[in-house]
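User: I want to go through how the two chains of this model meet. Please take the interface step by step.

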Number of protein chains: 2
Amino acid sequence: MLKDRVKAKLEEESYRLTPQRSAVLDVLIANADDHLSAEEIYMHTKKLHSEIGLATVYRNLELLEKLGIVHRFDYGDGQSRYEIKLGGEEEHYHHHLICKQCGYIGEFHSDLLEAIEQRIEEESGFQVTDHCLRFFGLCAQCRKKSST
Amino acid sequence: MLKDRVKAKLEEESYRLTPQRSAVLDVLIANADDHLSAEEIYMHTKKLHSEIGLATVYRNLELLEKLGIVHRFDYGDGQSRYEIKLGGEEEHYHHHLICKQCGYIGEFHSDLLEAIEQRIEEESGFQVTDHCLRFFGLCAQCRKKSST
DNA sequence: GTTAATGCAAAACATTTGCATGATA
DNA sequence: TATCATGCAAATGTTTTGCATTAAC
């Protein structure tokens, strides 16, 4: 189970799985596809553990990111989004589709970057360890709407 | 000349090429490869037009972005970076290499995303109009340093 | 003379930090 | 009991806004 793995990873580095931390994790797991902001995670977490503070949410997200459990990214709208990493090879090939009209965020999987990364290392000596690929445009729904 | 084109585009929508706006543009053109932050652009612009205010720089960057003259992006370090679009087909295929150790920002050109974008439209109906691709890792210099 | 643009200061916003308190191994 | 974690409030840093003034067409 995902949460057991996380707990083990935490204890490995002598961090504790406090009720607050656990609640944040539960929220992240329950909304694994929703790309929540810190504020949204805070709101959800309050339902599970009402006394939590926003700073605690931020601190836990930071820790979970440091431990490689959570992935943090942004769309240039001034706030970070967080997503739990489910593990597995496909993780690396998971990109985002962002609708400029309605803000919808979708996902797309492809390993086509492999070739580019290899070429980068060969041509420039830059060693790629990670990437971030986002596509902007119009989602299917907004296309339909704007064509009517 | 790039600046004439920008001026034409501004006037097309009845915006004015004020001395401040002109100075911001000059800075962007002179530092086209440097991925400056708003604060840095402000500092440079003050040398050309000392009475300019930071808010004016922000307002002009926002306008230039809206007009498609400037590209805004960020690296998750809490501030936006700005880059003038030089025009041309290759613009779209221009990506960033970001060194996690020294903060160096390089560029890389490739049109390999074309195929992915086509696939996205076919598979999900999402119409891609733009993308943002960033590679994180170690630049050649930092690799050398860390291996010694 | 209209309208757009500016400078300044204040506000807004997301995020981080200090610190005393509380909980956990 | 030593250490980690929390809550709150204050601080930070970037970006935006209000408003009276100024400049451009």
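User: How much area do chain A and chain B bury between them?
Analyst: Buried area is the accessible area (1.4 Å probe) that two parts lose on being put together, summed over both. Of the area here, 61% lies on carbon and sulfur atoms. The total for chain A and chain B is about 3200 Å².

User: Which three residues supply more of the area that chain A buries against chain B than any other three?
Analyst: Their part is 20% of what chain A buries there. They are A:Phe108, A:Phe126 and A:Phe135.

User: How reliable must a residue be to count?
Analyst: This is a predicted model, where local features need pLDDT of at least 70, side-chain atom pairs count only at pLDDT 80 or more, and totals for chains, interfaces and linings use all residues. Residues are numbered from 1 along each chain as its sequence is written, chains are lettered from A in the order in which they are written, and side-chain values use heavy atoms, without hydrogens and water.

User: How many residue pairs are in polar contact across the interface of chain A and chain B?
Analyst: A polar contact is a pair of N or O atoms within 3.5 Å; within protein, one must be able to donate a hydrogen and the other to accept it, and residues adjacent in sequence count only if both atoms are side-chain atoms. Both residues must be at pLDDT 80 or more. The count is twelve.

User: Which element gives the largest share of the side of chain A that touches chain B?
Analyst: Strands are DSSP runs of E, at least two residues, numbered from the N terminus. The share is twelve residues, and the element is β6(A).

User: What is the bridge partner of A:Phe135 in β6(B)?
Analyst: β6(A) and β6(B) run antiparallel, joined by eleven bridges. Strands pair if DSSP finds at least two bridges between them. The partner of A:Phe135 is B:His131.

Note on methods: Helices (H or I, at least four residues) and strands (E, at least two) are DSSP runs, numbered from the N terminus.
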